[in-house]
Amino acid sequence: MSAIGERLAAVRARIPARVTLVAVSKTQPAEAIREAYAAGQRDFGENYAQEWRDKAAALPDLRELVWHFIGALQTNKVKYLAGQVGWVHTVDRLALAQEISRRSTARGATTRVLLEVNVGGEASKSGCAPAEVPALAQAVAQLPGIALRGLMCIPPAEGDPRPHFAALRGLRDGLGLDLPELSMGMSGDYEAAIAEGSTMVRVGTAIFGPRPTKT
Ligand SMILES: *Cc1c(COP(=O)(O)O)cnc(C)c1O
């Protein structure tokens, strides 16, 4: 088995079958995705629109691959993604959702989306404020070409992430909408996130090893 295949198996062994493992392949070469796919992985997360396009173009034969866009998304990049990626985890404003809706509808596609919530209230992070979530969720749920499926968060790097995971779940539970997904948990904290109700973990370095530094 390849090194990636071995690490993938080790991560999978710690994740219940009901939780979707999104393999975060940002800055990794297309060949690394191919290795993980050969080991049975199907869901992959990318952060940068241009990098995603190059990799998708290099991997047309991986027919069951499902892309998850998990990076900060500019409205003018939506045209590349709509109808091509299955999921966008990082919707944090209505204008972005409207553009995804418009482009997806034009392509006869439905894009599954999550609302990114800035649970730590960090100025440096994207994501909408928790207080904005009810109104944004109501508005996004009305849009054609979009299926609102849940919430996503990246807790502050410092401190215990668990209260933030619990807060995201509580926020979701209070909305009164049918939102089955909670995208939370990365290499360092996915088990804690699962204990707090995560249904999608986004794991990069634990599968692919350290990310190559960009030159
Ligand atoms: C890079 C990234 C991850 C994966 O991080 P690791 O610590 O390598 O597992 C998960 N989620 C988002 C949004 C990321 O940008």
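Visitor: Where does threonine 27 lie?

Guide: Threonine 27 is found in the loop between β1 (20–24) and α2. Helices (H or I, at least four residues) and strands (E, at least two) are DSSP runs, numbered from the N terminus. Before we go on, this is a predicted model, where local features need pLDDT of at least 70, side-chain atom pairs count only at pLDDT 80 or more, and totals for chains, interfaces and linings use all residues. Residues are numbered from 1 along each chain as its sequence is written, and side-chain values use heavy atoms, with hydrogens and water left out.

Visitor: What is the phi of threonine 27?

Guide: Here is the general idea. Most residues other than glycine have a negative phi. Threonine 27 is not a glycine, yet its phi is positive, about 65°.

Visitor: Is threonine 27 buried or exposed?

Guide: Buried means under 20% relative accessible area, exposed over 50%, and partly exposed in between (1.4 Å probe, protein chains only). Threonine 27 has 19% relative accessibility, so it counts as buried.

Visitor: Let's turn to rings. How many aromatic pairs are there?

Guide: Rings of Phe, Tyr and Trp (its six-membered ring) pair if their centres lie within 6.5 Å; planes under 30 degrees apart count as stacked, over 60 as edge-to-face and the rest as tilted. By this rule there are 2 aromatic pairs. One of them joins phenylalanine 44 and tryptophan 67, a tilted pair with 6.4 Å centre to centre and 55° between the planes. This pair links distant parts of the chain, with phenylalanine 44 in strand β2 (residues 43–46) and tryptophan 67 in strand β3 (residues 66–69), 23 residues apart. Phenylalanine 44 and tryptophan 67 are both buried.

Visitor: Why is the pair of tryptophan 52 and tryptophan 67 edge-to-face?

Guide: The ring centres of tryptophan 52 and tryptophan 67 are 6.4 Å apart and their planes are at 85°, so the pair is edge-to-face. Tryptophan 52 belongs to helix α3 (residues 49–58) and tryptophan 67 to strand β3, so the pair ties together parts that are 15 residues apart in sequence. Together, Phe44, Trp52 and Trp67 make one aromatic cluster.

Visitor: Which ring does the charged end of arginine 42 sit over?

Guide: A charge sits over a ring if NZ of Lys or CZ of Arg is within 6 Å of the ring centre and within 35 degrees of the ring normal. In this model, the charged end of arginine 42 sits over the ring of tyrosine 37, 3.7 Å from its centre.

Visitor: At what angle do helix α1 and helix α2 cross?

Guide: Axes are lines fitted to C-alpha atoms, for helices over the stretch in contact, and angles run from 0 to 180 degrees between N-to-C directions. The axes of helix α1 (residues 3–12) and helix α2 (residues 30–38) cross at roughly 55° and come within 8 Å. That makes α1 oblique to α2; angles under 35 degrees count as roughly parallel, over 145 as roughly antiparallel, 65 to 115 as roughly perpendicular and the rest as oblique.

Visitor: Which residues of α1 and α2 meet?

Guide: Contact means heavy atoms within 4.5 Å. Ala3, Ile4 and Leu8 in α1 meet Ala32, Glu35 and Ala36 in α2.

Visitor: Where is leucine 148 placed?

Guide: Leucine 148 sits in strand β6 (residues 146–153), and it is buried, with a relative accessible area of 11%. Leaving aside neighbours within four places in sequence, leucine 148 has contacts including Val113, Leu115 and Asp178.
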